[in-house]
Amino acid sequence: MNIQTVHWVLIGIGILLLLAILSYLVLKYIYHKPTGSIWLYLFMIFMFWMWIFTIYETSSKRREKLKKAGVKEGQVIVDLGCGPGRFTILAARIVGPEGKVCALDIHPLHTAIVAARIAIGGPKNISVMHADCCATGLPDKAIDLIFINDAFHEFDKVGCLKEAARILKADGILAIDEHEMKESKLLNVVAEVNLFSLAEKDKRLYKFRKLVDEGKSA
Ligand SMILES: C[S@@+](CC[C@H](N)C(=O)[O-])C[C@H]1O[C@@H](n2cnc3c(N)ncnc32)[C@H](O)[C@@H]1O
């Protein structure tokens with residue numbers, strides 16, 4: 001958060017505190033209504049701001065993660081195991097109208113939530129797919145980037161890696177953010193399948209590139 005944002009947030013907190021105190025005083029001394037404690041008002045303001053911060057923090061962090069994963073304007077990407085679309089919507093905004101996001105999940109409720117979010121004003125460059133990560137139904141070599149956040153540990157890893165190698169373009173990226181699996185286990189499974197090499201690592205975000213000869217699967 002830059003200094004100007006902090007400045008405006010502090011001004012916002014000040015205004016809300018003043019409004020809370022003013023409404024408390026008006027209710028108590030002008031209308032003689034039951035007011036509850038001033039601490040309750042201050043607590044409500046505090047909770048409100050915590051909520052605003054949480055929304056701001058998480059969405060800016062998620063956007064940053066997508067950018068670190070390599071999501072760029074104009075790309076065709078797959079959010080594999082998209083869940084309710086926490087990253088899908090932001091990714092669709094980053095790739096923009098020239099790009100496309102395939103939001104794929106095996107759970108029908110999750111895909112229904114993503115579809116509902118699109119219907120109520122979300123970006124329209126998203127196609128929702130109810131499918132297994134090992135059999136996406138997507139064409140060969142069609143995808144610039146596959147993004148898997150907090151889902152790889154739930155997948156059939158070998159099947160998923162083979163499918164990822166099939167649908168990715170030759171210079172495509174497989175970006176996996178994984179906190180549940182041990183790093184050694186994740187890297188071992190990728191090495192065993194022998195379809196990808198690790199190109200970059202940032203904390204628990206791993207970016208893999210396709211090996212040139214993708215036929216050498218274990
Ligand atoms: C922990 S959630 C993460 C959701 C989302 N990526 C996020 O970060 O908010 C894992 C998701 O993987 C999905 N999933 C599990 N197995 C799957 C499979 N075989 N194919 C596709 N999706 C799968 C689950 O339905 C769930 O939505």
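In which helix does Leu 42 lie? In this predicted model, Leu 42 belongs to helix α2, which comprises residues 38–69. Its surroundings can be described by counting neighbours. Leu 42 counts as partly exposed because 15 C-beta neighbours are found inside 10 Å, whereas a buried residue would need 20 or more. Leu 16 is 26 residues away from Leu 42 along the chain, and the C-alpha atoms of the two are separated by 9.2 Å.

The chain as a whole may be considered next. The domain assignment divides it into domain 1, residues 3–66, and domain 2, residues 72–210. Between the C-alpha centres of domain 1 and domain 2 there is a distance of 37 Å. Contact between the domains involves five residues of domain 1 and eight residues of domain 2.

Attention now turns to the interior. In soluble globular proteins, nonpolar side chains tend to be buried together. The largest nonpolar core here contains 47 residues, and those that touch the most other members are Ile 77, Ala 91, Leu 145, Ile 146, Phe 147 and Leu 174. Leu 145 illustrates how such a residue is placed. When neighbours within four places in sequence are left aside, Leu 145 is in contact with Ala 69, Gly 70, Val 71, Gln 75 and Ile 77, and also with Gly 172, Ile 173 and Ala 175.

Ala 91, another of the core residues named above, is among the buried residues of helix α3, together with Thr 88, Ile 89, Leu 90, Ala 92 and Val 95. Helix α3 spans residues 88–95 and is mostly covered, with six of its eight residues buried. After α3 comes Gly 96, which has a positive phi, near 75°.

Helix α5, residues 157–167, also has buried residues: Lys 157, Cys 160, Leu 161, Glu 163, Ala 164, Ala 165 and Ile 167. Several elements contribute to their cover, including the strands β4 (143–149), β5 (168–177), β6 (196–202) and β7 (205–210), as well as helix α6 (183–193).

Which residues come nearest to the ligand? Of the 16 residues around it, these are Gly 81, Gly 83, His 107, Cys 133 and Ala 151. By class, the shell around the ligand consists of six nonpolar, five polar and five charged residues.

Terms used. Residues are numbered from 1 along each chain as its sequence is written. This is a predicted model: local features need pLDDT of at least 70, side-chain atom pairs count only at pLDDT 80 or more; totals for chains, interfaces and linings use all residues. A residue is near a molecule or strand if its C-beta atom, placed from the backbone, lies within 6 Å of it. Ala, Val, Leu, Ile, Met, Phe, Trp, Tyr, Cys and Pro count as nonpolar, Asp, Glu, Lys and Arg as charged, and the others, Gly among them, as polar. A residue is buried if 20 or more other C-beta atoms lie within 10 Å of its own, exposed if 12 or fewer, and partly exposed in between; C-beta atoms are placed from the backbone. Helices (H or I, at least four residues) and strands (E, at least two) are DSSP runs, numbered from the N terminus. Two residues are in contact if their C-beta atoms, placed from the backbone, lie within 7 Å. Domain bounds come from an automatic or database domain assignment. A nonpolar core is a set of buried Ala, Val, Leu, Ile, Met, Phe, Trp, Tyr and Cys residues joined through C-beta atoms within 7 Å.
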